[in-house]
Amino acid sequence: MKVFKNINSLWDYCLVCHACKKNRNIEVELGPDIYVYLHKWKKIRNKLIVEFSYRNNSFNDLNFKWTINCNTNKSSITQKNDDGLKLDFNSICDEPLYIYINSSCNCGRSQLSTLDLSFKDNCIVNPTQIGIERESIYLNSSDKKYYLSVEYLEQKASIHRVNSTANDVITSMSKPAITKIINFDLSNLEKTFNQIENILLFN
Ligand SMILES: [Zn+2]
């Protein structure tokens with residue numbers, strides 16, 4: 001499992017594409033869908049601000065602003081009615097709210113999804129599960145090309161040998177070699193190439 005001490009560390013990991021070293025595009029998703037509807041989100045330094053509606057049975061949706069401190073993993077939710085009364089979100093919704101992150105790069109070579117980060121009463125429900133659910137990356141050097149996909153929950157990785165054109169468009173991939181080894185260090189591609197080749201030797 002690839003886990004992080006807080007949401008900021010997870011965010012930083014999501015941001016960097018290890019294939020091209022540029023920043024990836026991050027999308028924050030909100031759930032559970034049957035209760036809440038995401039309007040917009042933004043991240044300002046340590047704070048992730050998520051604006052959403054609570055889908056209730058009355059005519060009007062109730063609008064909330066959820067502010068998550070990505071260093072402490074604590075959060076607060078504020079709401080204001082037209083009549084000036086504030087509603088406590090935790091008193092109207094029993095279900096934990098959660099976010100997860102999808103991250104992908106414009107280079108098309110890497111993407112990932114995080115685990116759900118669930119919050120109840122403004123605290124993260126499982127602080128040991130701030131981590132990645134799955135990620136994949138296309139790795140190439142002058143003479144080696146692999147497509148690596150890691151499923152952290154299933155503790156499984158798939159490695160394909162790749163054929164591509166001169167400008168790196170993938171034309172075909174081998175059948176995957178499946179391994180239980182998932183602790184690849186994608187920030188060190190030379191090490192990852194060596195790991196992959198050792199696995200393929202014995203597969
Ligand atoms: Zn990239």
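## The nonpolar core

In this predicted model, the largest nonpolar core comprises 37 residues. Those with the most contacts inside this core are Ile-7, Val-50, Trp-66, Leu-117, Tyr-146 and Leu-148. At least two residues of the core come from each of H1, S3, S4, S6, strand S10 (132-140), strand S11 (145-151) and strand S12 (156-164). Because domain 1 (7-132) and domain 2 (141-201) both give residues to this core, the core lies between them.

With its neighbours within four places in sequence left aside, Val-50 is in contact with Val-28, Leu-30, Leu-38, Trp-41, Trp-66 and Ile-99.

## Overall architecture

The chain contains 3 helices and 14 strands. It has 203 residues, of which buried residues make up 23%. Along the principal axes, the C-alpha atoms fill a box of roughly 65 × 30 × 30 Å.

The division is into domain 1 (7-132) and domain 2 (141-201). The centres of these two domains, taken over C-alpha atoms, are separated by 31 Å. Of the contacts in the chain between residues at least 6 apart in sequence, 43% join residues at least 24 apart.

## Helix H1 and its buried face

Helix H1 spans residues 7-15, and its buried residues are Ile-7, Leu-10, Tyr-13 and Cys-14. Seen down the axis of H1, these buried residues fall within an arc of 120 degrees, so they line one face of the helix.

The partners of the buried H1 residues are strands: they pack against S1, S3, S4, strand S6 (97-104), strand S7 (110-114) and S8.

S2 and S3 run antiparallel and are joined by 8 bridges. Within this pair, Ile-44 stands opposite Lys-47 in S3. The two strands form a hairpin with 2 residues between them, and Arg-45 lies in the turn.

S3 also pairs with strand S4 (residues 62-69), in the antiparallel sense and over 8 bridges. Here Ile-49 stands opposite Thr-67 in S4.

## Backbone exceptions in the loops

Most residues other than glycine have a negative phi, and most peptide bonds are trans. The peptide bond from Gly-31 to Pro-32 is cis, with omega near 0 degrees. Pro-32 belongs to the loop between strand S1 (25-31) and strand S2 (36-44).

Arg-45 is not a glycine, yet has a positive phi of about 45 degrees. This residue is placed in the loop between S2 and strand S3 (47-54), and counts as exposed because it has 8 C-beta neighbours inside 10 Å. Asp-121, likewise not a glycine, has a positive phi of about 50 degrees. Asp-121 sits in the loop between strand S8 (117-120) and strand S9 (123-124), and is exposed, with 9 other C-beta atoms within 10 Å.

Methods. Residues numbered from 1 in each chain as written. Predicted model: local features only at pLDDT ≥ 70, side-chain atom pairs only at ≥ 80, totals over all residues. Helix = DSSP H or I, 4+ residues; strand = E, 2+ residues; numbered from the N terminus. Buried ≥ 20, exposed ≤ 12 C-beta atoms within 10 Å, placed from the backbone. Pairing = 2+ DSSP bridges. Arc of directions from axis to C-beta. Contact = placed C-beta atoms within 7 Å. Domains from an automatic or database assignment. Core = buried A, V, L, I, M, F, W, Y, C linked by C-beta atoms within 7 Å.
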